[in-house]
Amino acid sequence: MQAVVVDHINKCYADKVAALRDVSFTVNQGEIFGLVGPDGAGKTSLFNIMTTLLFADTGTVTLLDNDVENDYKKVRSIIGYLPGVFSLYPDLTVEENLRFFATMYKSSLKDNMPIIRPIWGQLSPFKTRKAGKLSGGMKQKLALCCALIHKPEILFLDEPTTGVDPVSRKEFWDILKSIQKQNITVVVSTPYMDEATRCDRIALIQNGEIIKIDPPVKIVKEFNGTLYSIRVKQIFETLDVMERCPIDSNFYPYGEYVHVVFYDKDTTTIKERFAAFLNENGVEYTDMEEIAPSIEDCFIELMERRDGVQY
Amino acid sequence: MKELGMILRKEFWHVLRDKVTLFLVLSMPIMLVLLFGFTISSEIRNAKIAILDHAMDSQSKSLIDKISASGYFQVVSYPENETGIDHDFKSKGAKLALIIPAHFEESLAKEKIATLQIINDVSDMNVASLLNNYIRSVIYDFTSDYNDLADDPVLFDISVKMQYNQEMNSVYMFVPGIITLIMIIVTALMSSITLSREMETGTMNMLLITPVKKVYVVIGKLIPYMLLSFICTIIILVLSVLVFKMPIRGSLLLLLLLCIIFMLTSASFGLMISALVKTQLDAMMVTMMGLFLPTVLLSGFLFPLDNMPYFFQLLANVFPAKWFIIALKDVMIKGSGIQEIWLYMLILFGMAVFLIVISLSRIDKRRKK
């Protein structure tokens with residue numbers, strides 16, 4: 001059964017900027033579904049529409065056969081939501097926040113302890129601490145607890161790990177996996193491409209449009225081209241030089257490296273031809289090697305193919 | 001109902017844990033009442049007076065004694081001629097001079113008429129007119145005493161008329177005004193800030209997507225600040241009665257009921273403001289400009305409404321403060337009962353209902369944005 005059906009959603013704000021353009025996808029029950037895209041891609045607008053906080057201009061969203069506009073009361077009782085910004089009461093303690101939201105959902109801490117136990121185990125030493133005084137990772141764990149306290153069937157998490165340290169991020173994703181085992185559908189958005197691989201399926205979203213929906217492994221497999229990573233001394237000068245590269249390719253900065261995607265069919269001689277081009281133009285580089293594409297590379301490649309965006 | 005109880009508990013936690021705000025809110029009425037009470041009081045004591053006594057007889061001496069004993073005046077000099085008066089105005093800080101004519105006692109006894117001259121320093125008009133009234137009232141006392149003993153009444157060439165007691169009037173004016181201001185600050189300002197804070201920080205969205213009734217959220221916001229405002233009102237009333245001897249001539253119960261209704265009105269004003277704006281700062285600015293200023297300027301608290309252009313008199317009707325101050329003065333000063341003020345209470349209650357309905361629909365409409 002499909003837990004979430006998003007059907008041709010369009011949303012335009014007062015400033016006439018289209019936030020979402022004809023967005024459609026489905027999420028299967030018990031799945032972790034990721035919405036991956038840069039800031040401003042429309043992820044939060046989509047979350048607000050799915051969680052009954054915003055009306056779409058056109059299109060429908062149904063959650064377990066309940067329309068988010070018409071059956072919003074029912075929808076609100078079956079969803080849990082963790083918004084992108086910390087939205088609990090900072091002057092209330094951990095336990096008070098949790099009890100407050102439990103009561104709002106006509107539930108109680110005791111009733112649903114089994115579902116939150118893995119997180120509560122980490123939080124309970126801090127239960128008398130004010131929520132505002134928690135670390136970023138702990139805040140998100142508390143928010144997740146509050147979102148789960150009424151045993152929702154679908155959990156929406158809007159960028160839950162933004163601003164959280166890598167260790168806490170990993171812990172958070174481990175918790176999501178354990179939540180999934182309790183047959184809760186998870187829809188999560190993230191700007192971090194590395195997290196995308198932990199989803200069962202991901203939708204890549206850019207400028208309000210979904211550009212690809214597939215399991216992350218499949219997206220990587222379908223990467224169209226040969227990817228090289230080069231370490232250069234002068235990144236921006238190198239990018240300027242590469243504008244003149246005669247080989248059919250695309251390139252973009254990637255940390256200290258420049259990633260180059262070659263579309264040329266003759267892959268055997270590519271490395272030599274490219275090295276010759278760089279030498280001719282006086283580009284100093286170390287380490288040039290072929291690498292397997294990450295989700296981020298796939299995303300950039302897909303965007304490039306769609307819009308002709310140059311990096 | 002369990003949810004409402006929890007929301008109320010949560011709001012009280014917010015109020016009680018924000019110690020600085022709580023201290024400010026509770027100390028504000030004390031500060032305001034004392035400041036207004038001691039600084040705006042229009043009574044003047046020990047004003048400096050110069051007396052030019054041409055008569056130097058027993059009656060002129062008795063008049064001077066009466067002036068000194070009144071407490072309003074302190075005789076700083078006895079100039080010998082009229083140029084001396086000018087000098088005393090300039091160098092001795094005299095605000096007023098009294099000239100008693102020669103043969104004062106004789107004129108009183110024989111001609112049955114006496115002419116006294118008062119010279120005022122009008123550089124401060126308010127002080128001058130006040131002192132003028134005081135000296136006239138002292139002379140009036142002197143006249144009545146003299147005439148009580150004399151066979152034929154004597155005419156004094158000064159018309160003395162004191163229509164109201166200045167000192168009492170200022171207390172009458174500021175206590176209802178301060179009660180109104182405090183209620184606006186505590187209920188309207190605080191409830192608009194706390195609600196817009198929930199919207200700004202996103203906790204309102206968290207509340208909206210729970211199945212809890214919106215009306216519980218709103219009631220939960222109103223009650224704690226109404227209670228706080230009620231405590232402030234009691235503080236003001238106690239201080240006004242104990243320190244400034246302000247009377248409460250009407251029923252205390254009616255007075256408190258009136259205050260509760262006005263609290264509801266101003267809290268709903270705050271609610272509507274927070275439903276219209278997006279941030280706490282906006283809520284604060286709009287409450288100050290849209291509610292606080294009109295309350296100070298258009299309620300008849302500081303400036304009489306009758307002197308304003310007709311448009312502003314009409315505009316004043318829109319703000320609850322005008323109706324509240326009228327009703328409050330009626331109950332406290334005139335001792336009016338419910339039959340005289342029910343209409344004002346109804347207007348205030350009607351405003352509250354209207355504003356709450358609008359705000360509830362606005363909070364829901366946010367979803368369409």
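Helix 3 of chain A (residues 94–104) is mostly covered in this predicted model, with nine of its eleven residues buried; buried here means 20 or more other C-beta atoms within 10 Å of the residue's own, with C-beta atoms placed from the backbone. Helices are DSSP runs of H or I of at least four residues, strands are E runs of at least two, and both are numbered from the N terminus. The buried set is Val94(A), Glu96(A), Asn97(A), Leu98(A), Phe100(A), Phe101(A), Ala102(A), Thr103(A) and Met104(A). The cover comes from both chains: it includes helix 4 (113–123) and helix 5 (136–148) of chain A, plus helix 1 (2–17) and helix 8 (203–208) of chain B. Just past the helix, Lys106(A) adopts a positive phi of about 55 degrees.

As for bookkeeping, residues count from 1 along each chain as its sequence is written, while chains are lettered from A and ligands numbered from 1 in the order in which they are written. Since the model is predicted, local features need pLDDT of at least 70 and side-chain atom pairs count only at pLDDT 80 or more, whereas totals for chains, interfaces and linings use all residues.

Between the chains, 23 residues of chain A are in contact with 20 of chain B, contact being C-beta atoms, placed from the backbone, within 7 Å. Helix 3 gives the most to chain A's side, with five residues. That side has 13 nonpolar, five polar and five charged residues, where Ala, Val, Leu, Ile, Met, Phe, Trp, Tyr, Cys and Pro are nonpolar, Asp, Glu, Lys and Arg charged, and the others, Gly among them, polar.

Helix 3 of chain A packs on helix 1 of chain B at about 150 degrees, with the axes 9 Å apart; axes are lines fitted to C-alpha atoms over the stretch in contact, and angles run from 0 to 180 degrees between N-to-C directions. The angle therefore makes the two helices roughly antiparallel, a label used for angles over 145 degrees.

Notes. A residue is buried if 20 or more other C-beta atoms lie within 10 Å of its own, exposed if 12 or fewer, and partly exposed in between; C-beta atoms are placed from the backbone. Two residues are in contact if their C-beta atoms, placed from the backbone, lie within 7 Å. Angles under 35 degrees count as roughly parallel, over 145 as roughly antiparallel, 65 to 115 as roughly perpendicular and the rest as oblique.
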